[in-house]
Amino acid sequence: VQLQASGGGLVQPGGSLRLSCAASGTIFSFSTMGWYRQAPGKQREVVATIGSSGRTTYADSVQGRFTISRENAESTVYLQMNSLEPEDTAVYYCNLRWGSLELWGQGTQVTVSS
């Protein structure tokens, strides 16, 4: 299984971006998917997760601004990011967990700046 993230870029404060993460293999629909981020000089932190049932969790800092979703038919997880703030600037990583298996995508840079 491999994860391929895309959709990052430069956006002004208040703007929006949508990240995508496509998974190869056949276990996607059974997996918990997540988005994490790591800003310079900081530890990687969880942004949002979505279980195989569709249950979602969010970090307090993004609640109400970000939405995680999944399309099992496309083996893809999305992160819709609205009302972006400079503090959201980071490398964003997608994550797959299934049993003892944990995989990371390659990361995509999101920069929020005027």
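This is a predicted model: local features need pLDDT of at least 70, side-chain atom pairs count only at pLDDT 80 or more; totals for chains, interfaces and linings use all residues.
Biologist: How many helices and how many strands does the chain have?

Modeller: Happy to start there. Read along the sequence, the pattern is β-β-β-β-β-β-β-β-β-β-β. The count is therefore 0 helices and 11 strands.

Biologist: What radius of gyration does the chain have, and what would a compact globule have?

Modeller: The C-alpha atoms fill a box of roughly 40 × 25 × 20 Å along the principal axes. With 114 residues, a compact globule would have a radius of gyration near 13 Å. The chain agrees with that, at 13 Å.

Biologist: Which residues touch the most other members of the largest nonpolar core?

Modeller: Nonpolar side chains tend to be buried together in soluble globular proteins. Here the largest nonpolar core holds 30 residues. Strands S1, S3, S4, S5, S7, S8, S9 and S11 each supply at least two residues of this core. The members touching the most others are Trp35, Leu79, Met81 and Tyr92.

Biologist: Good, then let's stay with methionine 81. Which residues does methionine 81 touch, leaving out those up to four places away in sequence?

Modeller: A contact here means heavy atoms within 4.5 Å. Methionine 81 is itself among the core members with the most partners in the core. Its contacts beyond four places in sequence are Gly15, Ser16, Leu17, Leu19, Arg65, Phe66, Tyr92 and Val110.

Biologist: In the open sheet of 4 strands, which strands stand at the edges?

Modeller: The order is S1-S3-S8-S7, with antiparallel pairing. The twist averages 15° from one strand to the next. Two of these strands have a single partner strand each, so one side of each is left without a neighbour in the sheet. Those edge strands are S1 and S7.

Biologist: Which residue in S8 stands opposite glutamate 71?

Modeller: Strand S7 covers 66–71 and strand S8 covers 76–81. S7 and S8 pair in the antiparallel sense over 6 bridges. Opposite glutamate 71 stands threonine 76.

Biologist: Is valine 112 buried or exposed?

Modeller: Valine 112 has its place in strand S11. Its contacts, not counting residues up to four places away in sequence, include Val11, Pro13, Leu84 and Pro86. The relative accessible area is 4%, and the cut-off for burial is under 20%, so valine 112 is buried.

Biologist: And how far apart in space are valine 112 and leucine 10?

Modeller: In sequence, the two are 102 residues apart. In space, C-alpha to C-alpha, valine 112 and leucine 10 are apart by 5.9 Å.

Methods
Residues are numbered from 1 along each chain as its sequence is written. Side-chain values use heavy atoms; hydrogens and water are left out. A nonpolar core is a set of buried Ala, Val, Leu, Ile, Met, Phe, Trp, Tyr and Cys residues joined through side-chain atoms within 4.5 Å. Buried means under 20% relative accessible area, exposed over 50%, partly exposed in between (1.4 Å probe, protein chains only). Two strands pair if DSSP finds at least two bridges between them. Axes are lines fitted to C-alpha atoms, for helices over the stretch in contact, and angles run from 0 to 180 degrees between N-to-C directions. The radius of gyration is taken over C-alpha atoms; the globule rule is 2.2 Å times the number of residues to the power 0.38.
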